[in-house]
Amino acid sequence: AGSYDTPGHAQGVAVSGNYAYVADWESGLQIIDVSNVANPTPVGSYDTPSLAHRVAIFGNYAYVSNAGEGLQIIDVSNVVNPTLAGSYDTPSLAVSVAVSGNYAYVADFDFGLQVIDVSNVINPTLAGSYAIPGFAQPDVAVSGNYAYVAVDDVGLQIIDVSNVVNPTLAGFYEM
């Protein structure tokens, strides 16, 4: 129906309302107005300090997994001029993010799943973590009390996050 060539290398996308939020590798977060799908137009951007991998939208915030710089929380209430609200530097390479309620779930390459309390977006804090075998990439998803982490060359790890301070393995599927 339409397309838009971002300035970097699009890695991930989330859509909310009339906007597509693109994690655009070296070009950070790109915000595209998709109200006219035949003619999407850029409206704003935020240059993250490292390589933007994935993005999740929750409320007025874009949560960007940023390799080398962890989680970047960007206020997108003004899509023309997004601003940094807060950040949390994870121990490894933040390659993916999912948000549910007050928590951001970050797939952090060789440090597994990092659960970050984002109830205060200005000062996010680590709530808990779970070490997984292999490398947590390229994605993480959350549904109910479970985080589903894709693990490079291993398969799928299903982590029970009902107690975010102490996540536990609920199940796995090896490839």
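Serine 65 lies in strand β6, which spans residues 61-67, in this predicted model. With a relative accessibility of 0%, serine 65 is buried, because buried means under 20% relative accessible area. A polar atom of the serine 65 side chain is placed 3.4 Å from the backbone oxygen of valine 95. Leaving aside residues up to four places away in sequence, the contacts of serine 65 include Leu51, Ala52, His53 and Arg54, as well as Gly70, Ala94, Val95, Ser96 and Val97.

Tryptophan 25 is located in the loop that joins β2 (19-23) to β3 (29-33). The residue is partly exposed, at a relative accessible area of 25%. Residues up to four places away in sequence again being left out, tryptophan 25 touches His9 and Gln11, together with Ser50, Leu51, Ala52 and His53. Between tryptophan 25 and alanine 67 the C-alpha to C-alpha distance is 9.1 Å, although 42 residues separate them in sequence.

The accessibility of the two residues is tabulated below.

| Residue | Relative accessibility | Class |
|---|---|---|
| Serine 65 | 0% | buried |
| Tryptophan 25 | 25% | partly exposed |

A further element is an open sheet of four strands, ordered β13-β14-β15-β16 and paired in the antiparallel sense. Its edges are β13 (135-143) and β16 (168-174); each has a single partner strand, so one side of each lacks a neighbour in the sheet. From one strand to the next, the twist averages 20°. The antiparallel pairing of β15 (residues 155-160) with β16 extends over six bridges. Within this part of the sheet, leucine 156 stands opposite tyrosine 173 of β16.

Notes. Residues numbered from 1 in each chain as written. Predicted model: local features only at pLDDT ≥ 70, side-chain atom pairs only at ≥ 80, totals over all residues. Heavy atoms only, no water. Helix = DSSP H or I, 4+ residues; strand = E, 2+ residues; numbered from the N terminus. Buried < 20%, exposed > 50% of the residue type's maximum accessible area, 1.4 Å probe, protein only. Contact = heavy atoms within 4.5 Å. Polar contact = N/O pair within 3.5 Å; in protein donor to acceptor, adjacent residues only side chain to side chain. Pairing = 2+ DSSP bridges. Axes fitted to C-alpha atoms, helices over the stretch in contact; angles between N-to-C directions.
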